[in-house]
Amino acid sequence: MSDRVTEARLLFDCERLTLARRLRGLRKNQLAQAVGTTPTAIGQYEAGVHRPSEKTLSRLAIALGVPVEFFHAGRSPVTLDSAHAHFRSLRSTTQIERDQALAYGRIAADIVGALEDLVEFPAAELPERPVPPDEIAGRGPVEAARLAREALLGGGGAPVPHMVRLLERNGVIVLILPPSTERVDAFSIGAHPRPMVLFNPAKGDYWRNRFDGAHELGHLVMHADAEPGSKVIEDQAHRFAAEFLMPEDAIAPELPRTADWSRLAVLKATWGVSMAALLYRARTLGIMKEVTYRNAMSTMAARGWRRQEPGPPKPLEAPTMLTRAVELTAASGTDRDALAERARVTRADLDLLVPPRSRPTLNT
């Protein structure tokens, strides 16, 4: 065996094996089959009970698509799990899918850590307004959204021009997850060591994506200590997003009492939210009667507007902070290969999370 493999075995970090397996979306039995061992052995390697032989370590690296050096201790000792992240629904995705998405969040944090050694990021300065996780109908989410608008937008009732740019300007790391994680909805991580918002790669809806961004901002502002995943927590984040993107005092006078589609189309373009969100907002603010709202939603369903609303599509708001940081480091002499090595991630995974501008990517 080569000196590289010998060194990797001596410096083997069991958590890095777990991370690599989760990145590839594999169960222990699948990895065991790929390298010719048993699930029990994989479990013992990941628990640190036993250290893999040099031969097995080489097979693990090949099966997981990482260099053997990946199994050295990483930049961050923190292990992310579902308790750290606000997933929309724990029932709609498998644990393997959530683990894979979190694994990408973990290596994204390592990339950011490597970049922060070389460039300066905006300070992470989000307001905090905790809302009790059992508060069902209180004003907490609305007050939290108003506080956030005051802190991040300087107050007022104007539409939010660019949700992703607002997050990045305030030190939040924003990423589009790789295609392999398309079943996982947008989610957020409070501090690792910076707040992060990770978007679903399959959504092509500009208006829904903006609402997702505001929803995740709500979690970051309100739910630092709340257990993720409950219906109440998710409803609070939805109410936060509605007030943040459509502040009551500003939008209430503009909302129609009936399903005025022309009027709704104008408001959609102005506020950057869907017609469905506008109808729901009109209903929750008591402007539109329940029966009127239900009839309007039935009409949208019959016309196929629940899947795709009328009007030309808009390109998604795309994150740019990490892309620009990578370009700055390259200009100063640290190219992508060197950056990946500093972050202890593969170049392929770096390019997945922070695509070079020359490659097809989301429009800004």
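Author: We begin with a term: a residue counts as buried when its relative accessible area is under 20%, as exposed when that area is over 50%, and as partly exposed in between. The model discussed here is predicted.

Reader: Is Gln100 buried or exposed?

Author: Gln100 is found in helix α6, residues 95–116. Its relative accessible area is 8%, and the cut-off for a buried residue is under 20%. Gln100 is therefore buried.

Reader: Which residues does Gln100 touch, not counting residues up to four places away in sequence?

Author: Contact here means heavy atoms within 4.5 Å. Leaving out residues up to four places away in sequence, Gln100 touches Arg22, Leu23, Arg24, Gly25, Ser180 and Thr181.

Reader: Is Gln30 buried, exposed or partly exposed?

Author: Gln30 has its place in helix α3. The relative accessible area of Gln30 is 35%, which lies between the cut-offs of 20% and 50%. Gln30 is therefore partly exposed.

Reader: What separation do the C-alpha atoms of Gln30 and His86 have?

Author: Gln30 and His86 are 56 residues apart along the chain. Their C-alpha atoms are separated by 28 Å.

Reader: Which helices do the buried residues of α5 pack against?

Author: Helix α5 covers residues 54–64, and its buried residues include Thr56, Leu57, Leu60 and Leu64. Ser58 and Ala61 of α5 are buried too. The buried residues of α5 pack against α1 (3–10), α2 (14–23), α3 (28–35) and α4 (39–47).

Reader: In what order do the strands of the open sheet lie?

Author: The open sheet has 4 strands with mixed pairing. Its edge strands are β1 (85–86) and β2 (173–176), each of which pairs on one side only. The order is β1-β3-β4-β2.

Reader: How many bridges join β2 to β4?

Author: Strands of a sheet pair through backbone hydrogen bonds, either parallel or antiparallel. Strand β4 covers residues 196–199 and runs parallel to β2. Within this pair, Leu175 stands opposite Leu198, and Ile176 stands opposite Phe199. The number of bridges joining β2 to β4 is 4.

Reader: Which residue of β4 is the bridge partner of Ile189?

Author: Strand β3 covers residues 187–189 and pairs with β4 in the antiparallel sense over 3 bridges. The bridge partner of Ile189 in β4 is Met196.

Reader: Which way do the residues of β2 and β4 point, and are they buried or exposed?

Author: From β2, Ile173 and Leu175 point one way and Val174 and Ile176 the other way. From β4, Met196 and Leu198 point one way and Val197 and Phe199 the other way. In β2 all of the residues named are buried, and in β4 all of those named are also buried.

Reader: Which backbone nitrogen does the side chain of Glu243 reach?

Author: Glu243 is in helix α10, residues 231–245. With a relative accessible area of 3%, Glu243 is buried. Among the residues that Glu243 touches are Val142, Ala145, Arg146, Arg149 and Arg281. At 3.3 Å, its side chain reaches the backbone nitrogen of Glu248.

Reader: Is Pro228 buried or exposed?

Author: Pro228 lies in the loop between α9 (206–222) and α10. Its relative accessible area is 16%, against a cut-off of under 20%, so Pro228 is buried.

Reader: Is α12 roughly parallel or roughly perpendicular to α13?

Author: The axes of α12 (residues 261–271) and α13 (residues 275–284) come within 9 Å and cross at roughly 105 degrees. Angles from 65 to 115 degrees count as roughly perpendicular. Therefore α12 is roughly perpendicular to α13.

Reader: What residues make the contact of α12 with α13, by class?

Author: From α12 the contact is made by Trp261, Leu264, Ala265, Leu267 and Lys268, and from α13 by Met275, Leu278 and Leu279. By class, these are 7 nonpolar, no polar and 1 charged residues.

Reader: What is the phi of Arg344?

Author: Arg344 has its place in the loop between α16 (336–343) and α17 (347–353). It is partly exposed, with a relative accessible area of 33%. Most residues other than glycine have a negative phi. The phi of Arg344 is positive, near 60 degrees.

Conventions: Residues numbered from 1 in each chain as written. Predicted model: local features only at pLDDT ≥ 70, side-chain atom pairs only at ≥ 80, totals over all residues. Heavy atoms only, no water. Pairing = 2+ DSSP bridges. Helix = DSSP H or I, 4+ residues; strand = E, 2+ residues; numbered from the N terminus. Buried < 20%, exposed > 50% of the residue type's maximum accessible area, 1.4 Å probe, protein only. Polar contact = N/O pair within 3.5 Å; in protein donor to acceptor, adjacent residues only side chain to side chain. Axes fitted to C-alpha atoms, helices over the stretch in contact; angles between N-to-C directions. Parallel < 35°, antiparallel > 145°, perpendicular 65-115°, else oblique. Nonpolar A, V, L, I, M, F, W, Y, C, P; charged D, E, K, R; others polar.
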